[in-house]
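Subject: A structure for you to look at

Dear colleague,

I am passing on the structure below, and I would be glad if you kept it open while you read my notes on it.

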Amino acid sequence: MKKRLANAILLYGCCIILNTVCYAQRWEVPGGTDLSFPRTILDVKEINLIRSALQTEEYNTVYKAIFKKVFYTTGEIPTSVQKQGSRLYTVKNDGDDKMDDPDIIVAPRASFCKNAAFIYLMYRTANGIGKLSEMHKKVYDELLTQTLYYLDNIEDDATNGIGDFSATDLHFYRSKEIQMYATAWDLLRGAGLSPNEGPQGESAEKKAIRKQMKEARDEMVEWIDNVDFYANSPGSSLDRNNNKTLLTAAALGTAAIVFDDYHQSREWIGHALWSIHN
């Protein structure tokens, strides 16, 4: 009797474990979820609310600061898009070249993409009132071109051109990049851009943008798959509960939400939840 009871308990335990593993492998978006874009820092119902809020002094000050990180301006008039030569960090001044230096801008290309995509979605000039594309169409088009170029040209080598970094430092940079690039993609989708097949009779310009969006998406999901985001798994050099672990969880969770139709997103969300839980 005791043996049968022990076997029953063991079998029940195995079923629970198996069910947990299978559930992780077949992760799906919960029923009733709004699948429209954007999905990260705001949702579709908030777009017009935020556009209106930009005309108030409190929000306008923040928006102007974001605007000046993306454009070269004359006063509030955008003249051209800022280019980001470095990928992982930029030193603003001549301070010490250290990770904790306050003059260091982390992941400037990814940061540019996130800020640029937000401006593209808001569709407003620096004062938050005039419509950017109507007033400065050439610069607005340049904004999209530069953003898609960075999204479609993410280098696989995270140390490219910047010397040696520790595993912990690279872990930090990669996680920050994933989160910001995924957010940028989400905001562009919220602005109505799509990699999917368009309607018949679509203009050549829109077809070209769809092609760029598809190439950028394929580049990003492949890059995320190649990143060693399991660095904080059991037994690794980063196996500890700290902000690096949570940073990776946030990055993979963001990517899974944005690219939920990508088969590998199940693995990303599973690792993110495992990291938070453990």
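Glu142 is partly exposed, since its relative accessible area is 25%, and please keep in mind throughout that the model is a predicted one. The side chain of Glu142 forms a salt bridge with that of Lys83, with 3.4 Å from N to O. This pair joins distant parts of the chain, as Lys83 lies in the loop between β2 (77-81) and β3 (89-91) while Glu142 belongs to helix α6 (residues 137-151), 59 residues apart. Lys83 is likewise partly exposed, with a relative accessible area of 47%.

In the whole structure, a search finds 8 salt bridges. One of them joins Asp260 to Arg39, where the closest N and O atoms are 2.4 Å apart; here too distant parts of the chain are linked, 221 residues apart, from the loop between α9 (243-258) and α10 (265-277) to the loop between α1 (2-25) and α2 (47-53). Another salt bridge is formed by the side chains of Glu202 and Arg210, at 2.7 Å from N to O, and Glu202 is buried because its relative accessible area, 13%, is under 20%.

Turning to the helices, α3 (residues 57-70) and α4 (residues 108-122) pack at an angle of about 120 degrees, with their axes 9 Å apart, and the two are therefore oblique to each other. Their crossing is left-handed. Among the residues that meet are Tyr63 and Phe67 in α3 and Phe112 and Ile119 in α4, and the contact as a whole has 9 nonpolar, 1 polar and 1 charged residues.

Notes: Residues are numbered from 1 along each chain as its sequence is written. This is a predicted model: local features need pLDDT of at least 70, side-chain atom pairs count only at pLDDT 80 or more; totals for chains, interfaces and linings use all residues. Side-chain values use heavy atoms; hydrogens and water are left out. Axes are lines fitted to C-alpha atoms, for helices over the stretch in contact, and angles run from 0 to 180 degrees between N-to-C directions. Helices (H or I, at least four residues) and strands (E, at least two) are DSSP runs, numbered from the N terminus. Angles under 35 degrees count as roughly parallel, over 145 as roughly antiparallel, 65 to 115 as roughly perpendicular and the rest as oblique. A crossing is left-handed if the near helix is turned anticlockwise from the far one by less than a right angle, and right-handed if clockwise. Contact means heavy atoms within 4.5 Å. Ala, Val, Leu, Ile, Met, Phe, Trp, Tyr, Cys and Pro count as nonpolar, Asp, Glu, Lys and Arg as charged, and the others, Gly among them, as polar. A salt bridge is a side-chain nitrogen of Lys or Arg within 4 Å of a carboxyl oxygen of Asp or Glu. Buried means under 20% relative accessible area, exposed over 50%, partly exposed in between (1.4 Å probe, protein chains only).
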